[in-house]
Amino acid sequence: MKVAVVGTGYVGLVVGAGLAETGNAVVCADVDAGKIAGLQANRIPIYEPGLEPLVLRNQKEGRLTFTTDVADAVRRSEVIFIAVGTPPDEDGSADLQHVLDVARVIGQNMTATKTVITKSTVPVGTAQRVRAEIAKHTRTAFHVVSNPEFLKEGAAVDDFMKPDRVVVGVESAEAMQILNELYAPFVRTGNPIIFMDIASAEMTKYAANAMLATRISFMNQIALLCEATGADAQLVRKGIGSDARIGAAFLFPGPGYGGSCFPKDVKALIRTGEDRGVSLGILQAVEAANERQKRVVFDKLSRHFDGRLAGRTIAVWGLAFKAQTDDVRESPALVVIEALLEAGARVSAHDPAAIETTRYVFGDRISYGAHPYDVLAGADALAILTEWLEYRNPDFERIRTTLKRPLIVDGRNLYDPERLAKLGFTYDGIGRGRP
Ligand code: NAD
């Protein structure tokens, strides 16, 4: 099939490369000329495991091309995915400006019947707005489909190639057939393509992210209570996670959720509720709990220094909002670092993938190390904010002798408190009792 993917970010690039891998002729279009020039020169703009070989292979085979000419990409394709960003507007609602811009260009270039698929996360009713925008500019018939994306950054390629399920909102048998053909290669092991009406598909994406964010905030609050009562949140997590009705995923206490999806999608769903007169008190609490949680690591550090952080140096391991990505959008690490700087502390930070994206935020207000141990020299404590694998079994002796004071505040519960105590550390995790 001839496919255009408009918007070549984390989602669009993975979707485009994945669909090329199964033999489709895919053109990825983006208004960011620098990004497209880089891709044309075989430079991958983001860190995502497995993405580079997938893109390069399909580019070489001529199945995957890149352009800034969105109109031309539309004219050449039978199927068009809209995968542009939908950032939060000032009132928390999803900003649909980019989606509707693309819809206009599609309408203006509708040379024959095409299938237009919203891949971006968009509130209920958006597909109808896309339809109306396209229809303003053409009399040619077309199909509108909602096909929200569930990939996770850090495992995006795997998630797209082997999805748990594919959700598709359709209104016509022809569109259903086209989506079936496109996705059949990805669900050969029997995972379902779930067809539904468009409004339900749009809502499914928000409900999924809101549920996951709720689990995180729930577990973070239980962890705070564990600290106050002497229970160990790691054991409680195992205890409840082995109940089949609850399940083990997404129950890790930590420094709060971040990234480009959960914060904005929870906000947008609350806003949709307000617009429709349905109060989503649960999600308001989830959001408030997360805002507080993002400061927990800072509060712990502050407590260890009796509120006197001015002049201290804090080493930070982990800047990305989660492991295996360079994405620092809404990362808890940014909140902790900003609070440390406000308190007069210095920060020296390491991350295996996210130093450049963080430099964009802090510039030289903090210092960076190419190696985890580089940032420890002269530091008064180590704070861990991302669960990168390479932090899991470090040389503790080297950490202890390099830090000025053997204090680790572990926002990801990577280590065993008893072992760390034996090794001479003051170790403070999340929900694991007060050291
Ligand atoms: P992103 O910011 O990485 O990429 C968006 C791209 O769209 C950018 O390259 C931008 O230049 C381009 N763009 C903006 N306006 C355009 C236009 N008019 N024409 C062509 N290109 C345009 O965003 P992302 O993380 O890929 O997210 C895209 C959508 O997918 C969002 O709605 C997001 O909520 C959703 N989503 C994201 C993830 C994720 O993990 N990042 C997962 C599932 C769904």
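Trainee: Is Lys 404 buried or exposed?

Mentor: This is a predicted model, in which local features need pLDDT of at least 70 and side-chain atom pairs count only at pLDDT 80 or more, while totals for chains, interfaces and linings use all residues. Residues are numbered from 1 along each chain as its sequence is written, and side-chain values use heavy atoms, with hydrogens and water left out. Relative accessible area decides the label: buried is under 20%, exposed is over 50%, and partly exposed is in between (1.4 Å probe, protein chains only). Lys 404 has a relative accessible area of 58%, so the label for Lys 404 is exposed.

Trainee: With which residue does Lys 404 form a salt bridge?

Mentor: A salt bridge needs a side-chain nitrogen of Lys or Arg within 4 Å of a carboxyl oxygen of Asp or Glu. The closest N and O atoms are 3.9 Å apart, and the partner of Lys 404 is Asp 380.

Trainee: How many residues apart are Lys 404 and Asp 380?

Mentor: Helices (H or I, at least four residues) and strands (E, at least two) are DSSP runs, numbered from the N terminus. Lys 404 is in the loop between helix H16 (396-402) and strand E13 (407-410), and Asp 380 is in the loop between strand E11 (367-368) and strand E12 (381-384). The pair links distant parts of the chain, the separation being 24 residues.

Trainee: Is Asp 380 buried or exposed?

Mentor: The relative accessibility of Asp 380 is 5%. Asp 380 therefore counts as buried.

Trainee: Which residue meets Glu 149 in a salt bridge?

Mentor: Side chains of opposite charge can pair when their charged atoms come close. The N to O distance for Glu 149 is 2.7 Å, and the partner is Lys 119.

Trainee: How many residues apart in sequence are the parts that Glu 149 and Lys 119 tie together?

Mentor: Glu 149 lies in the loop between strand E6 (143-146) and helix H7 (156-161), while Lys 119 lies in the loop between strand E5 (115-118) and helix H6 (126-135). Glu 149 is buried at 10% relative accessibility, and Lys 119 is buried at 3%. The parts tied together by this pair are apart in sequence by 30 residues.

Trainee: How many salt bridges does the rule count?

Mentor: Arg 245 and Asp 243 are another pair, with an N to O distance of 2.8 Å; Arg 245 is exposed at 75%, and Asp 243 is partly exposed at 23%. Asp 91, Arg 271, Glu 274 and Asp 275 are linked in a network. By the rule the salt bridges come to 27.

Trainee: Which residues make up domain 3?

Mentor: Domain bounds come from an automatic or database domain assignment. That assignment gives domain 1 as 2-194 and domain 2 as 205-292. Domain 3 is 294-428.

Trainee: What area is buried between domain 2 and domain 3?

Mentor: The C-alpha centres of domain 2 and domain 3 lie 24 Å apart. Their contact (heavy atoms within 4.5 Å) takes 15 residues from domain 2 and 15 residues from domain 3. Buried area is the accessible area (1.4 Å probe) that two parts lose on being put together, summed over both. Carbon and sulfur atoms give 51% of this area, which is about 1200 Å².

Trainee: Which residue forms a salt bridge with Lys 300?

Mentor: The count between domain 2 and domain 3 is one salt bridge. For Lys 300, the closest N and O atoms are 2.9 Å apart, and the partner is Glu 227.

Trainee: The side chain of Asp 327 reaches the backbone nitrogen of which residue?

Mentor: Asp 327 lies in the loop between strand E9 (313-317) and helix H14 (332-342), and Asp 327 is buried, with a relative accessible area of 3%. Leaving aside residues up to four places away in sequence, Asp 327 touches Tyr 10, Glu 153, Ser 260, Ala 320 and Phe 321. At 3.0 Å, the side chain of Asp 327 reaches the backbone nitrogen of Arg 329.

Trainee: The side chain of Thr 67 reaches the backbone nitrogen of which residue?

Mentor: Thr 67 is in strand E3 (residues 64-67) and counts as buried at 11% relative accessibility. At 2.9 Å, the side chain of Thr 67 reaches the backbone nitrogen of Asp 69.

Methods: A polar contact is a pair of N or O atoms within 3.5 Å; within protein, one must be able to donate a hydrogen and the other to accept it, and residues adjacent in sequence count only if both atoms are side-chain atoms.
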